[in-house]
Amino acid sequence: MTKTFTITLATALTLAGAAAAQDYSFRFQSSDPAGNPNFELQKQWAESVAELTDGRVTVELLPVDSIVAHNETQDAIAAGILDGHITDTSYFAGKDPAFGLIANPVGAWSDPQQMFDFVEQGGGHELMDELLSPYGLEFIGVSTPGLEAFVSNVPLEGVEDLKGLKLRAPEGLVQQVFAAAGAAPVNLPGSEVFTSLDKGVIDAADYSVFSVNHAQGMHDVAAHPVYPGFHSMPLVEVSMNEAKWDELPDDLKGIMEESVKQFAQNQIASLKEADQAALEEANASGEITVHDWSDEERAKFRQIAMGEWEKVAVRSENAQKVYDTLTGYLTENGLIAE
């Protein structure tokens, strides 16, 4: 005997309401350690997601190495071990050099807003979608810890002053660009930068943002910082498992995307505030001279950097797409010297 079930309109509306009110809980891992200022700001983002969605979406944010290593989160997300991450995209350059080029095209940016505009208006978002989708990830948005200042114990007014400069820089694209500019880059762990500057082993260093450099005493041994910096600003992606993203209603997807934009602005505002406070303190000491490169000098540095970007571009089809899109954006916005 077949039973017939009748669902009343009231019951249907109740079920529809329950479905619409479904809650979602995600576990993300950061590439920053607990206690790091960037991690603290990322935790605020996670809290804001719950607030903006009225608790419908909650994000548990874990510090680096909680579940997997910093360069294993992409695979962990695809496998469902993690739901998402907040990470420097360059950690996955071993899979495709395009990740490294889009994450930190050395010399490209003089301000975080330039990078944000590239992502939102210049094709960067589409590139990130295309790069991440084969690995089962959905790109939600981008932030950055900001433009790194440059530590130096000799005056640097522009590209010409880089010639022969002994500087500490990480291996890879950063070293390549500085070498192309005529500098003499060397490998040194971060723990040896202060002593090496103090003893004159090096003249300058790629290290961190101005406030961190100042807090760690770098300006005590290197009185000619370049600020704002001209060379390095990492792209930090917020992305998650693509299948789980697809399960979200459109309104929650929109809120998640907007939350990342708000987080990005909050992060750079907090960084700027910290840098300004450190700058005032450093200037008050009367023992440093801050050098701010002109737009022309920054464009010259980009032009040199482009030659090294080209070397990365030929290593994969995706890297070439990043190069073409990036240089097209910079050209259209007058950021590359003619």
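## A buried threonine

Thr 87 is buried, at 1% relative accessible area. Buried means under 20% relative accessible area, exposed means over 50%, and partly exposed lies in between, with a 1.4 Å probe and protein chains only. The residue sits in strand S3, residues 84-88. Helices (H or I, at least four residues) and strands (E, at least two) are DSSP runs, numbered from the N terminus.

Setting aside residues up to four places away in sequence, Thr 87 touches Ser 31, His 70, Phe 92, Leu 235, Val 236 and Glu 237. Contact here means heavy atoms within 4.5 Å.

## Model and conventions

This is a predicted model, in which local features need pLDDT of at least 70 and side-chain atom pairs count only at pLDDT 80 or more, while totals for chains, interfaces and linings use all residues. Residues are numbered from 1 along each chain as its sequence is written, and side-chain values use heavy atoms, with hydrogens and water left out.

## Overall build

The protein has 338 residues, and 51% of them are buried. Its secondary structure comes to 14 helices and 9 strands. Along the principal axes, the C-alpha atoms fill a box of roughly 90 × 45 × 35 Å. Take the contacts between residues at least 6 apart in sequence: 74% of these join residues at least 24 apart.

## Two domains

The protein divides into domain 1 (24-145 + 234-277) and domain 2 (149-232 + 289-316). These bounds come from an automatic or database domain assignment. The domain centres, taken over C-alpha atoms, are 26 Å apart. The contact takes 18 residues from domain 1 and 18 residues from domain 2.

Between them the domains bury about 1,500 Å², with 56% of it on carbon and sulfur atoms. Buried area is the accessible area (1.4 Å probe) that two parts lose on being put together, summed over both. On the domain 1 side, Pro 97, Val 106 and Asp 275 lose the most area to domain 2, together 40% of what that side buries.

## The largest pocket

The largest pocket holds about 1,300 Å³ of space. The search uses a 1 Å grid over the protein atoms alone; a pocket is an open set of points with protein on both sides within 12 Å along at least five of seven lines, whereas in a cavity a 1.4 Å probe fits but cannot get out. Lining residues have an atom within 4 Å of a point. Grid points are joined across faces, edges and corners, and a volume is the space filled by probe spheres set on the points.

The lining has 45 residues; Asp 88, Tyr 91, Pro 145, Glu 148 and Pro 234 lie nearest the pocket centre. By class they split into 20 nonpolar, 18 polar and 7 charged. Ala, Val, Leu, Ile, Met, Phe, Trp, Tyr, Cys and Pro count as nonpolar, Asp, Glu, Lys and Arg as charged, and the others, Gly among them, as polar. Domain 1 and domain 2 each give at least three residues to this lining. Helices H2 (37-52), H4 (97-103), H7 (173-180), H9 (210-215) and H12 (250-285) each supply at least two.

## The second largest pocket

About 290 Å³ of space lies in the second largest pocket. Helix H5 (112-121) and H12 are the elements that give two or more residues to its lining. H12 has the largest share, 5 residues. The lining comprises 6 nonpolar, 3 polar and 3 charged residues.

Among the lining residues are Asp 275, Tyr 227 and Pro 228. The peptide bond from Tyr 227 to Pro 228 is cis, with omega near -10 degrees. Pro 228 lies in the loop between helix H10 (218-221) and strand S9 (236-241).

## Loop residues

Most residues other than glycine have a negative phi, and most peptide bonds are trans. Asp 54 is not a glycine, yet has a positive phi of about 55 degrees. Asp 54 lies in the loop between H2 and strand S2 (57-62) and is exposed, at 72% relative accessibility. Asp 65 also has a positive phi, about 70 degrees. Its loop runs between S2 and helix H3 (73-78).

Tyr 207 is in the loop between strand S8 (204-206) and H9. Tyr 207 and Val 151 are 56 residues apart in sequence but 7.1 Å apart in space, C-alpha to C-alpha. Beyond neighbours within four places in sequence, Tyr 207 contacts Glu 148, Val 151, Arg 168, Gly 190, Val 193, Asn 213, Gln 216 and Met 218.
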